[in-house]
Amino acid sequence: MKIRNLLSRIFCSANKAQENYPITLETPRLLLREHKPDDLDRIHDISKSKGFVYFCFDGTREKAEEFISEALRTQRPAPKTGRRENHMLAIIEKSTGELIGHTCMEAVSYLKGADYEVNFFVDPKYQNKGYGIEAILNLTDWGYRTYDLASMTVTVHPKNGPSRHLIVKEGYSKVDDVTIKTVAGSEPRELFLQTREVFYRQRANDTRPILLSQIDGSASPDGPKP
Ligand SMILES: CC(C)(COP(=O)(O)OP(=O)(O)OC[C@H]1O[C@@H](n2cnc3c(N)ncnc32)[C@H](O)[C@@H]1OP(=O)(O)O)[C@@H](O)C(=O)NCCC(=O)NCCS
């Protein structure tokens, strides 16, 4: 009996690992897909846009290369845990096929029971069109469904107005102040937490369908139906 349980756990975790690569998520206006080596030029272009700030970029090609390498490295589960350390996805505008940004769901350990945080950036040319929120909500929905999570976190620089606005509007609450490593050294961040229940309740406020599950009717206040 014990051996059967062990074998079933091994097969289940192998299936789960396979299920989680490659990730391709379709949203009403976007496609979220795994990064490819060819994304380097666009990522570098975005990272050196005037006024653009993201913790791992300084506008050099070297940092863009490191970003793509990390995306490719974390496409497979870490041998120690059997889970992906990160899920770094390109945001593609469906109507043009253009890469317009990035979103990711990274394993973190700020709070017990909140094992992943979401992060994101959008090319300044494409900001304020609702693409950022559409991307992170669809990845969050995927995360809640795939890993059966109770909550997720986001870290935001205290002076990052657009990101803070978006996160607070989405029902995240500030729970702590933390420090993260960035290309410019250690920097402060506000740690925000959102529960799965709040996430699915928020969907009732959406003025347009943002998740495909809203179109098929499976988004509910208690989370996705099995
Ligand atoms: C944060 C970011 C991804 C948002 O992307 P986006 O595609 O513009 O987001 P959306 O269009 O979905 O939403 C933008 C919201 O921010 C608001 N906003 C824009 N500029 C703002 C500002 N300076 N201060 C406050 N709110 C602002 C918009 O009014 C909009 O709110 P609304 O939906 O209530 O009208 C984008 O600003 C970005 O890439 N920033 C640089 C990287 C970054 O900071 N990443 C987040 C790390 S936590």
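**Group meeting: a walk through the predicted model**

Buried residues make up 29% of the 226 residues in this protein. What you see is a predicted model. The protein has seven helices and eight strands. Take the contacts between residues at least 6 apart in sequence: 55% of them join residues at least 24 apart.

Confidence next. The average pLDDT is 90, and 87% of the residues score at least 70. Residues 4-15 have a pLDDT below 50. Beyond near neighbours in sequence, that stretch has one contact in the model. Where pLDDT is low, the predicted coordinates should not be read in detail. Please keep that in mind for α1, which spans 2-19.

Now the core. The largest nonpolar core has 37 residues. Which of them touch the most other members? They are Ile-91, Val-118, Ala-135, Leu-139 and Phe-192. Look at Phe-192. Leaving out residues up to four places away in sequence, Phe-192 touches Thr-153, Val-154, Val-156, Ile-167, Tyr-172, Ser-173, Lys-174 and Val-175.

On to the ligand. There are 22 residues around the ligand. Gln-127, Gly-132, Ile-133, Gly-161 and His-165 come nearest. Where does the shell come from? β5 (114-122), α4 (131-147), β6 (151-156) and α5 (161-169) each supply at least two residues. α5 gives the most, with six residues.

α2 covers residues 40-47, and its buried residues are Ile-43, Ile-46 and Ser-47. Why do they sit on the same side of α2? Because they cover an arc of only 100° around the axis. And their partner? The buried residues of α2 pack against α3, residues 61-73.

Arg-84 deserves a stop. Arg-84 lies in the loop between α3 and β3 (86-93). Is Arg-84 buried or exposed? Arg-84 counts as buried, because it has 21 C-beta neighbours inside 10 Å, and the cut-off for buried is 20 or more. Leaving out residues up to four places away in sequence, Arg-84 touches Asn-20, Thr-74 and Pro-77. Then there is Glu-106. Arg-84 and Glu-106 are 22 residues apart in sequence, yet 8.3 Å apart in space, C-alpha to C-alpha.

Last, backbone geometry. Most residues other than glycine have a negative phi, and most peptide bonds are trans. Here are some exceptions.

Start with the peptide bond. A cis bond joins Tyr-21 and Pro-22, with omega about -10°. Pro-22 is in the loop between α1 and β1 (24-26).

Then positive phi. Asn-128 is not a glycine, but its phi is near 65°. Asn-128 sits in the loop between β5 and α4. With 9 C-beta neighbours inside 10 Å, Asn-128 counts as exposed.

Asp-148 is also not a glycine, and its phi is positive, about 55°. Its place is the loop between α4 and β6. Asp-148 has 10 C-beta neighbours inside 10 Å, so it counts as exposed; the cut-off for exposed is 12 or fewer.

To recap. α5 gives the most residues to the shell around the ligand. Arg-84 counts as buried, while Asn-128 counts as exposed. And residues 4-15 have a pLDDT below 50. Thank you.

Notes. Residues are numbered from 1 along each chain as its sequence is written. This is a predicted model: local features need pLDDT of at least 70, side-chain atom pairs count only at pLDDT 80 or more; totals for chains, interfaces and linings use all residues. A nonpolar core is a set of buried Ala, Val, Leu, Ile, Met, Phe, Trp, Tyr and Cys residues joined through C-beta atoms within 7 Å. Two residues are in contact if their C-beta atoms, placed from the backbone, lie within 7 Å. pLDDT is the predictor's confidence in each residue, from 0 to 100. A residue is near a molecule or strand if its C-beta atom, placed from the backbone, lies within 6 Å of it. Helices (H or I, at least four residues) and strands (E, at least two) are DSSP runs, numbered from the N terminus. The arc is that of the directions from the helix axis to the C-beta atoms.
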